[in-house]
Amino acid sequence: DLESHLQRCHQLPATVLTDHQDLKNTELKAILNSTAPKQYRIRAKLRTYKPQKLYQSVKLHCSKCNSLQEIPDRDDFDLILQGSTVTAPNPELHNTSWYSSVMWTTPDKKQRKIAIHFVKHDEMLQQPEYTLLMIEGGTLKEVWKLAQRFKCVIPVRSTDDDLELLDLSAPFLLQGNIKYYGCKQCSTPKPLKSLSSIAAEQQPSWEPTEIAQVLGIELLQYVFIMKFTLFDGTGALNAYLFDY
């Protein structure tokens, strides 16, 4: 894997990091004293690399404001979901023209109220693998279980007159094992009834990019980032890897 490969590179006396055989080797000192852009071929040792753990290399990137964000952990998502259970689902928002609703109370001491809204197509419910649903009052475990069975899951909460997305620190959409996030700075969330425009399509695909667009969400992309420090005795150079 990449981590063991990096460790091997670190142990070798010198590592060829680029493969342009038509170019002569250039010392890092000369590169540091020159102006970009130019092409060079170097021979250098890998002194350090960051982050040390590969999972820490994955970030969330907004292509609009160019910001980088850490991926929230499970506990952050769990706390947001718990906070949303304080307000009980509003029965007046159930069973509209574009979704059917089911609500029940958990049998435990908390007697938590859960509502699930199944988005319809042509006034009919679709098969689970084609269905988008919205859930109110669900726990992390319940949301994950639904995401494994249905096409898309959107965690929501009730207001007086509409359903709305949770805090954008939480994923606004789950699809299988993938969580989709929106940029807090660049997003302007729209009412969830905006989804009815996708439901009215001839064959709703429920693609995350389309869902994000109609909901006014600037979709964050997962990116892989690493920093390498190269050394050849004449100077040290930082090299950055950035890829989707």
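This is a predicted model: local features need pLDDT of at least 70, side-chain atom pairs count only at pLDDT 80 or more; totals for chains, interfaces and linings use all residues.
Local features require pLDDT of at least 70 and side-chain atom pairs pLDDT 80 or more, whereas totals for chains, interfaces and linings use all residues. Residues are numbered from 1 along each chain as its sequence is written, and side-chain values use heavy atoms, with hydrogens and water left out.

User: How many disulfides does a search of the whole structure find?

Analyst: A disulfide is a pair of cysteine sulfur atoms within 2.5 Å. The closest cysteine sulfur to that of Cys 65 belongs to Cys 62 and lies 3.7 Å away, which is too far for a bond. Cys 186 is likewise in no disulfide, its nearest cysteine sulfur being that of Cys 65 at 3.7 Å. The number of disulfides found in the whole structure is zero.

User: Is Cys 186 buried or exposed?

Analyst: Buried means under 20% relative accessible area, exposed over 50%, and partly exposed in between, with a 1.4 Å probe and protein chains only. The relative accessible area of Cys 186 is 16%, so this residue is buried.
Cys 65, at 25%, counts as partly exposed. The class of Cys 186 is therefore buried.

User: Which parts of the chain does the pair of Phe 118 and Phe 150 tie together?

Analyst: Rings of Phe, Tyr and Trp (its six-membered ring) pair if their centres lie within 6.5 Å; planes under 30 degrees apart count as stacked, over 60 as edge-to-face and the rest as tilted. Phe 118 and Phe 150 form a tilted pair, with 5.9 Å centre to centre and 55 degrees between the planes. Phe 118 is buried at 17%, and Phe 150 is buried at 13%. With helices (H or I, at least four residues) and strands (E, at least two) taken as DSSP runs numbered from the N terminus, the parts tied together, 32 residues apart in sequence, are strand β6 (residues 113-119) and the loop between α4 (140-149) and β8 (152-158).

User: Why is the pair of Phe 242 and Tyr 244 edge-to-face?

Analyst: Phe 242 is partly exposed at 40%, and Tyr 244 is exposed at 53%. Their ring centres are 5.8 Å apart, and the pair is edge-to-face because the planes stand at 85 degrees.

User: Which residue lies over the face of Phe 231?

Analyst: A charge sits over a ring if NZ of Lys or CZ of Arg is within 6 Å of the ring centre and within 35 degrees of the ring normal. At 4.0 Å from the ring centre of Phe 231, the residue is Arg 47.
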